[in-house]
Amino acid sequence: MSTAGHFIRCLAAVAWEAGKPLVMEEVEVAPPQKHEVRIKVHFTSLCHTDVCFWEAKGQTPLFPRILGHEAGGVVESVGEGVTDLQSGDHVLTIFTGECGNCRHCHSEESNMCDLLRINTDRGGMIHDGESRFSTNGKPIHHFLGTSTFSEFTVVHSGQVAKINPEAPLDKVCIVSCGLSTGLGATLNVAKPKRGQSVAVFGLGAVGLAAAEGARISGAGRIIGVDLNPNRFEEAKKFGVTEFVNPREHDKPVQQVITEMTDGGVDRSVECTGSVQAMIQAFECVHEGWGVAVLVGVPRQDDAFRTHPMNFLNERTLKGSFFGNYKPKTDIPGVVEKYMNKELDLDKFITHTVPFSKINEAFDYMSKGECIRCIIDMGA
């Protein structure tokens with residue numbers, strides 16, 4: 001493209017202060033450096049992680065910053081050493097990466113790349129620690145190496161998944177984070193067999209994706225656990241057959257689930273970040289074969305406590321990071337599931353706003369009114 005090798009001026013939604021509305025600014029986006037690509041962002045969606053770091057509650061504050069990490073776009077130009085991507089490729093940006101060289105990337109069992117694993121504190125690019133964004137000569141920090149709340153962004157090539165150019169970017173952009181995290185936790189880690197029972201703790205976007213994975217797997221019963229009774233009707237669209245609200249019972253929810261399933265569910269997936277829910281998810285699976293998968297991120301000082309007999313009775317506890325998907329290798333396949341009508345993304349998308357009204361997306365998320373809000377960068 002004619003812009004290759006040059007700075008690009010474009011609009012970006014900049015977070016200048018914690019919890020304050022994002023401000024539309026004209027920014028300069030530098031050309032990609034070694035192992036980097038510059039992407040024209042067409043659609044991005046808002047994830048709860050963006051909101052957490054925008055609020056900076058319990059997080060390391062780093063401002064000014066361009067947030068955003070779930071996005072679909074087209075490669076504008078590539079930097080030195082990039083051989084697997086070229087101008088015009090349709091891509092998704094991923095908050096974690098796949099360098100292809102470390103032990104994790106070489107392992108069939110891990111997706112936790114040594115070089116490009118998620119780093120919420122890094123505000124520059126790995127190559128030189130510098131930002132590729134600036135406004136009026138002032139650098140702007142990156143977020144998760146993606147920063148998709150900008151019309152153009154620069155991303156390490158290991159955090160870019162090349163996808164089918166026929167895939168609609170306004171739909172598949174949500175595959176970049178939350179959907180794959182929940183879906184993969186069920187399909188790749190819990191691995192329920194057809195007809196088995198699955199309990200999903202937390203019916204936000206990630207939990208609904210976990211339920212969708214259970215539905216795709218052919219689970220016989222999918223029990224949704226959430227403190228918000230209004231979520232059950234929505235959850236039915238994702239295969240949830242029964243609902244348990246812990247507040248409506250005078251006994252521990254793991255006991256409630258054990259009693260209603262004749263000894264416990266076959267699989268459970270926890271998507272809340274609450275340690276209490278993690279313990280409940282583990283203790284509600286059936287002895288002998290039950291598997292519980294933890295997805296939610298706990299607070300730093302939290303501790304998981306359960307009696308050792310729960311392990312000795314052959315319950316299994318697992319953790320899951322990004323659904324055990326390798327970003328570059330596996331995410332294109334998730335997109336193909338959508339293209340082949342095996343996976344329904346449309347029901348996750350509840351709102352769409354133009355880029356100029358991005359703060360409305362934050363309002364929807366903060367009020368719990370949306371699953372995913374798509375931000376149309378061209379509108």
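Me: Which residue just after α4 takes a positive phi?
Reply: The model is predicted, with local features needing pLDDT of at least 70, side-chain atom pairs counting only at pLDDT 80 or more, and totals for chains, interfaces and linings using all residues. Residues are numbered from 1 along each chain as its sequence is written, and side-chain values use heavy atoms, without hydrogens and water. Helices are DSSP runs of H or I with at least four residues, numbered from the N terminus. Just after α4, a positive phi of about 50° is taken by K191.

Me: Where does α4 bend?
Reply: The bend at a residue is the angle between axes fitted to the seven residues ending there and the seven starting there. In α4 this angle is about 35°, and the residue is G184.

Me: Why is α4 described as largely enclosed by the rest of the structure?
Reply: Buried means under 20% relative accessible area, with a 1.4 Å probe and protein chains only. Among the buried residues of α4 are G178, L183, G184 and V189. The helix is largely enclosed because the buried residues number 12 of the 13.

Me: How many disulfides does the count come to?
Reply: A disulfide is a pair of cysteine sulfur atoms within 2.5 Å. The sulfur of C370 is too far for a bond, because the closest cysteine sulfur, in C373, is 5.7 Å away. By this rule the count comes to zero.

Me: Is C177 buried or exposed?
Reply: C177 has a relative accessibility of 9%. C177 therefore counts as buried.

Note on methods:
Helices (H or I, at least four residues) and strands (E, at least two) are DSSP runs, numbered from the N terminus. Buried means under 20% relative accessible area, exposed over 50%, partly exposed in between (1.4 Å probe, protein chains only).
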